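Me: I'm new to this structure and would like to know where the labels come from. Can we go through them one by one?

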Amino acid sequence: MADKKRVLIVEDAAYMREMLEEMLLQEGDKYEVVGFATNGEEAVAKYKELKPDIVTMDLVMEVMDGIQAIKEIKMYDPAARILAITALGTPEYRDKALEAGADEYLWKPFTIKNLLDVLERLLREE
Amino acid sequence: MRTSSIVKGELLNYRFLMLVLLVLACVLLSFYFAYYRGETGVYTHVFYIPLILAGVWYKKKAVYLAILLGVIHVFTALIFIHPIPAELTVETFERTSMFVAVAYIIGFVSDKRAKVEEEITKERDKFQKILSTISETIFIVDRDLRVLELSKPELKAGIEGEEGIPGIYRRIPMSKYKKREEIIGEKCYKCFWGKEKVCDDCPIHSIFETGAGARMVRSFVLADGSVRCVEVEYVPIFDEGGNVVRVIGDMRDITEEKRMEYKLKRAEEQLRETKDYLDNIIESSADAIAVVDMDGIVRDWNKSAEEIMGYSAEEVIGTSNRKFFAKPEEADRIMEIVLREGALKNYRAIVLRKDGKAVHISMSAALLKDRNGVPIGTVRVSRDITKEVELEEKIKEERDNLNLILNSMQDGVYIVSEDYKVEFMNKILIDEFGNQVGNICYKAFHNREDPCPLCKNKRVMKGETVRWEWHSRRMNRTYDLIETPLRNINGSISKLTIFRDITERKMMEDELRETCKKLEELDKMKNAFLNVAYHEMRSPLAPIVGYASLLERCELPEKGRKYIYNIEKCGRQLEKMINRMLELARIDGKKIELTLSEFGIREAVNEVVKSLETEARAKKQEIHTIIPEITIQADKQKVIAIFSNLVSNAIKYTPEGGRIDIMAEEEGANIRVCVADTGVGIPEEHLPKIFERFYMVDTSLTRKSGGLGLGLSIVKEYVKLHGGRVWATSEVGKGSKFFFIIPKSQKEV
């Protein structure tokens, strides 16, 4: 297996961060969680610091929401790969996220299979 | 006379030359006798020849010639006779004296005669002049109709022709002016009338026979085209024996007289015509015309009067006019007004016909006066206006009705003329503002000096109907005004305004608007709240489902695996329910657009059936599909949602072991779908409402089937979005059938 994909998890709920990490680790050495952020601002800072391969981005957060964070990260690094994850189920939000620069979109709730499938797709596009 | 004017040097005058020659002859003769014969006596008689001639020609001047001849005679005797006998000398002087005496006498007589002749000529000329200056032309003809004398130097004559101006003149085109000299000796018919033979009406012959004078009128046209008319009076001239020898004609120009006569005649004719015309008018007038004298006695009564009143002229003329009036004193009143004002106009009265029937009349009358201005009666023209009066009454009645309506209206109605004068106000306005009819509207209603800034009068006068709302700040009320042009009978335009107090309505409208706004806000808030609520509800689901899926991967006993499965399943169910609510919230929040694509309807149904198979199988139900291979153009996700809702409903409400049929067929440009089940059915009274949101047939919490009652309302919305419709039929206990129709293609819609 080549290099592990370095993942930055942005999520305001601790149990969700934990769950996402657990799910990613299920794939053995494919993904490596390099950091967590609990809001958009933090996410942007962490991105600049860690330069992860993938960002999973919750959209509804305090201080700076996910949409804004996606925009700023994409502005900083157009090659950034961002997976938007949210419980806001309407297509408008999905469109907003994609417009802002998210590469994929995942609705809550999701199973581990859902997550790994969408990440696979994201990586294939590389 | 000019012939004798020797002094004027007419030496070559033949008389004078002749005298000279004669004198010379006498001298030679005298020399001859004296020289050769010695005689002096005999030849001297020859000397009388020139002397007499000179006396006749030169009057008294002949004396000079006599002296000359005497001298010659004397000298001849003295020179040639020697010696001169004494008697010769005496004789010589004696003869010389004789010469002079004869010359003088002859000269004197000639002179006298010449003077008399001159006098006669003068008198004659004078007479001629007088004759020619008088306008009448006098001529004399003899028995042979020859003109012997004419008083004018020339005559305007013509040729008698055809009839000219009707009734008066005969046309006699004139040939030319004729000179007196040409006329005298000519036949009268030829020179006067240009005819070749005697005039048919010539009176001259009979005058010669009877001796009675005659008169005749002739007219003719002159060369310049003017028509003349002459009258000729013939008078006979008798000789001593009483026979007519000549006839004198006295011709007089009577053109002007004739012309006047003619004009007079025409004027008389015209007058007669006018009179006839007026008589006709009076007789044929549709109005009754009557003449009533100062005592009220009828003096004239025309045909229409007979018709209107039923009395004939014979019956009425000479009787009092009082009996005609329904109120006899009206007769006196009319007379009084006419006398006072000189006339009466459109006076209305009721008169009684002979048969007793009342007739409304409109009477105009004028005072008749004699030449001295003394009133002698009245002429009255009356018209039967019974019909008009009836019509007027009818109109009045209608108007009263109209007024009644206008006055009982709660809306204000008023009419204003072009110059802002109030012409009408209905009762409600009069009650509020007092009667302002005749006053200026802006003064009366608004206490202004100029028209109101918002006044629509000018626009309405142009024919426009204006509807507007006006808020009176003073009264704090709002009015709805309709202002419309009103065409009057005389062609002018007034403004009709109807206004209604809509203050209450306005307030209600405002309230309503306010409420609507609030509702809208509430709705927005609701949607926002729902969005948040769904987010918050879904968020905890994420770890439930997520961890469940993680747990599945762990080493677990069989029991644990089953629990986890149930957790995940319930989580998914909860998610689906939340999704539906979210879907509805979205439909509510704003218009949803269709995302169109082409797909096979069978493929879509299979997809739905596949996803619901597990549920159906759990209830041991069978799902049958009869779907033709039809490609439709629609929003696939929504079509799937429609089927999914209908089928899951069917599964939900059908007991175990039931059967579900899904059928589709083409129907023209549409596709018709039926989802039938063998379930509990829906009571009839619920059928119309099942597509309403949150509607549940069984609202008890203990009901068997879950759900929020949102599925069918989503179906209805989606079908509607596609331009289709949805309905259901059901039989309780046997099952329900849900139908929907959508167009195969959205392009045609």
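Me: To start, how many helices and strands does chain B have?
Reply: This is a predicted model, and in it chain B has 20 helices and 24 strands.

Me: What share of chain B is buried, and what makes a residue count as buried?
Reply: Buried residues make up 38% of the 749 residues in chain B. The label goes to residues with under 20% relative accessible area.

Me: What about the surface of chain B?
Reply: Its accessible surface is about 45500 Å², and 56% of that belongs to carbon and sulfur atoms.

Me: And what share of the contacts in chain B joins residues at least 24 apart?
Reply: Taking contacts between residues at least 6 apart in sequence, 54% join residues at least 24 apart.

Me: Let's turn to helix pairs. How do you describe two packed helices?
Reply: You give the angle between their axes and the distance between the axes.

Me: Then why is α2(B) called roughly antiparallel to α3(B)?
Reply: Look at the angle. Helix α2 (residues 48–58) of chain B and helix α3 (residues 62–80) of chain B have axes that cross at roughly 160 degrees and come within 8 Å. Angles over 145 degrees count as roughly antiparallel, so α2(B) is roughly antiparallel to α3(B). The crossing of α2(B) past α3(B) is right-handed.

Me: Which residues make that contact, and how do they divide into nonpolar, polar and charged?
Reply: From α2(B) come Pro50(B), Leu51(B), Ala54(B), Gly55(B) and Tyr58(B), and from α3(B) come Ala62(B), Leu65(B), Ala66(B) and Leu69(B). They divide into 8 nonpolar, 1 polar and no charged. Gly counts as polar in this scheme.

Me: Which residues of α2(B) are buried?
Reply: Tyr48(B), Pro50(B), Leu51(B), Ala54(B), Gly55(B), Trp57(B) and Tyr58(B) are buried in that helix. Just after α2(B), Lys59(B) takes a positive phi of about 55 degrees.

Me: Now for single residues. Why is Arg672(B) called partly exposed?
Reply: Arg672(B) has 25% relative accessibility. Buried needs under 20% and exposed over 50%, so Arg672(B) counts as partly exposed. Arg672(B) lies in strand β22 (residues 670–677) of chain B. Among its contacts beyond four places in sequence are Met663(B), Trp727(B) and Phe739(B). Phe739(B) is 67 residues apart from Arg672(B) along the chain, yet their C-alpha atoms are separated by 7.2 Å.

Me: And what makes Asp501(B) partly exposed?
Reply: Its relative accessibility is 34%. That falls between the 20% and 50% cut-offs, so Asp501(B) counts as partly exposed. Asp501(B) sits in strand β17 (residues 493–501) of chain B. Leaving aside neighbours within four places in sequence, Asp501(B) is in contact with Arg477(B), Thr478(B) and Tyr479(B).

Me: How do you know that Asn346(B) is exposed?
Reply: Its relative accessible area is 55%, and exposed means over 50%. Asn346(B) is in strand β10 (residues 343–352) of chain B, and its phi is near 45 degrees, a positive value in a residue other than glycine.

Me: What makes Lys620(B) exposed?
Reply: With the cut-off at over 50%, its 61% relative accessibility makes Lys620(B) exposed. Lys620(B) is in the loop between α18 (601–618) and β19 (622–626) of chain B. Lys620(B) is not a glycine, but has a positive phi of about 55 degrees.

Methods: Residues numbered from 1 in each chain as written. Chains lettered and ligands numbered in written order. Predicted model: local features only at pLDDT ≥ 70, side-chain atom pairs only at ≥ 80, totals over all residues. Heavy atoms only, no water. Helix = DSSP H or I, 4+ residues; strand = E, 2+ residues; numbered from the N terminus. Buried < 20%, exposed > 50% of the residue type's maximum accessible area, 1.4 Å probe, protein only. Contact = heavy atoms within 4.5 Å. Areas by Shrake-Rupley, 256 points an atom, 1.4 Å probe, with all protein chains shown as cover. Axes fitted to C-alpha atoms, helices over the stretch in contact; angles between N-to-C directions. Parallel < 35°, antiparallel > 145°, perpendicular 65-115°, else oblique. Left-handed = near helix turned anticlockwise from the far one by under 90°.
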